[in-house]
Amino acid sequence: MKRFFFLITFFVAFQGYSQIIDLSIVRLDSISFSERLDMIITKHKKDSLSQVYMTENWDATTFNPYKDYRQTYPFEISFSDSVYTSPITRKKVVTSRYGWRNRRAHKGIDIDLVTGDDVMAMFDGKVRAVRTFQGLGKTVVVRHANGLETVYAHLSKQIVKVNDTVTKGTIIGKGGNTGNSRGSHLHLIVSYRGVYINPEYLFEFTEENKIRSQELWVTRRWVTPYLHSSKKQSTIIIATSEAEALQNEEKQKKIYIVKKGDTLSKIANRHHTSITAICKENSIKKTSTLRIGQQLVVNK
Ligand SMILES: [Zn+2]
C-alpha cells in the first residue's frame, strides 16, 4: 500500500493566541485529514489551557485561591501519562480515605509514613504555596499543567520554595506529624480549580502507581465527601466521556419509597449511607418527619 507523508504547517488563532502549529507527519491512509485536524485542534486547546492553568488564580498566600470560582459538572481531567510517581518511597498503606469521618469531611487520603521520609511530587509542575495551614501543618501545594493541584500536608520539613519548578519525583519535603495529625502520615489532597476530588477516583494507591484513565470525567459524586466513607473504598466506576459521566451519576442514584416504621437511620443503614448524605441529597433536616410513600434519593 502506498503511504503518503506530508509535513504541513498550520496557523490557528485560539483564545487570542496566535501560534504556529506543527502538524507533523500526516498519514492519509490511516487517518482522515479532518480527524487529524480535530486531534491537532484538541491538542492545541489543551496546550492553551495548560498555559491558563499555570497562571490563573496564582496565589502563594492562600490555600484555595479559587474561592470565587464556580465549577460546572461534569468536568474533564486529562493526563499525559498512565502512571504517577509515588509521593513516598515505601509501600503505600492507606490509613484513612477521602470521605465522611467523625461527622466531618476528610478531603484527602492518609498514607502511612515515618517522620523524615522523603515526600515527592507526583507529577511535573510548579510550586504554588509553601506554608503552614491550620490543621494541615507544614504544607506544599504543587500546580500541574492539567489544572490539578496536589497538596502534601503534615510535613516535618518543606524543601522547595514558591514558584520552583519541580519534576515528578522531586523531593518537596519530609514526612511528619505537624498540624492536626495523630501519628506521622502524609495527608494528600488532590484538587482541581478549588474542588477536592476523591484521590481514589483518579489514582490506584498500589505499587503500580496507576492513573485510572488518561481521560477522566469527574462528577459531583467524586467531589462530595459525605457520599464516601473514610473507612471503606467506594465502588469506583470511572467515566471517560461526558455522556458516560452523566449516565454513571444516574446509575448510582436510587429512589427509595418510605414505608411504615422507617427512620432515617434505618434507611441509611440499609443503604450503607449516612443520615447526613440522605438529608443533603434530599434537602431535608435530620429532624424532618418522614411520610409513608415519600420518595427519597439514596446513593448506591
Ligand atoms: Zn488526612
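Guide: Gladly. Keep in mind that this is a predicted model. Let's begin with pairing: strands of a sheet pair through backbone hydrogen bonds, either parallel or antiparallel. Here, strand β11 (residues 148-155) and β15 run antiparallel and are joined by six bridges. Within β15, His187 has Ala153 standing opposite.

Visitor: Which way do β7 and β15 pair, and over how many bridges?

Guide: Strand β7 (residues 109-112) pairs with β15 in the antiparallel sense, over four bridges. Look for Asp112, which stands opposite His185 in β15.

Visitor: And how does β15 meet β16?

Guide: Three bridges link β15 to strand β16 (residues 195-197), and the two run antiparallel. Val190 faces Ile197 of β16 across the pair. Their hairpin has two residues between the strands, and Arg193 takes a positive phi near 45° there.

Visitor: How should I read the side chains along β15?

Guide: In a regular strand the side chains alternate between the two faces of the sheet. In β15, His185, His187, Ile189 and Ser191 point one way, while Leu186, Leu188, Val190 and Tyr192 point the other way.

Visitor: Are those residues buried or exposed?

Guide: All of them are buried. Eight of the eight residues of β15 (residues 185-192) are buried, so the strand is largely enclosed by the rest of the structure.

Visitor: What is the strand order in the open sheet of three strands?

Guide: The order is β8-β14-β12, with antiparallel pairing. β8 (118-120) and β12 (157-158) are the edge strands, each pairing on one side only. Two bridges join β12 to β14 (residues 171-174), and Gln158 stands opposite Gly173 in β14.

Conventions: Residues are numbered from 1 along each chain as its sequence is written. This is a predicted model: local features need pLDDT of at least 70, side-chain atom pairs count only at pLDDT 80 or more; totals for chains, interfaces and linings use all residues. A residue is buried if 20 or more other C-beta atoms lie within 10 Å of its own, exposed if 12 or fewer, and partly exposed in between; C-beta atoms are placed from the backbone. Two strands pair if DSSP finds at least two bridges between them.
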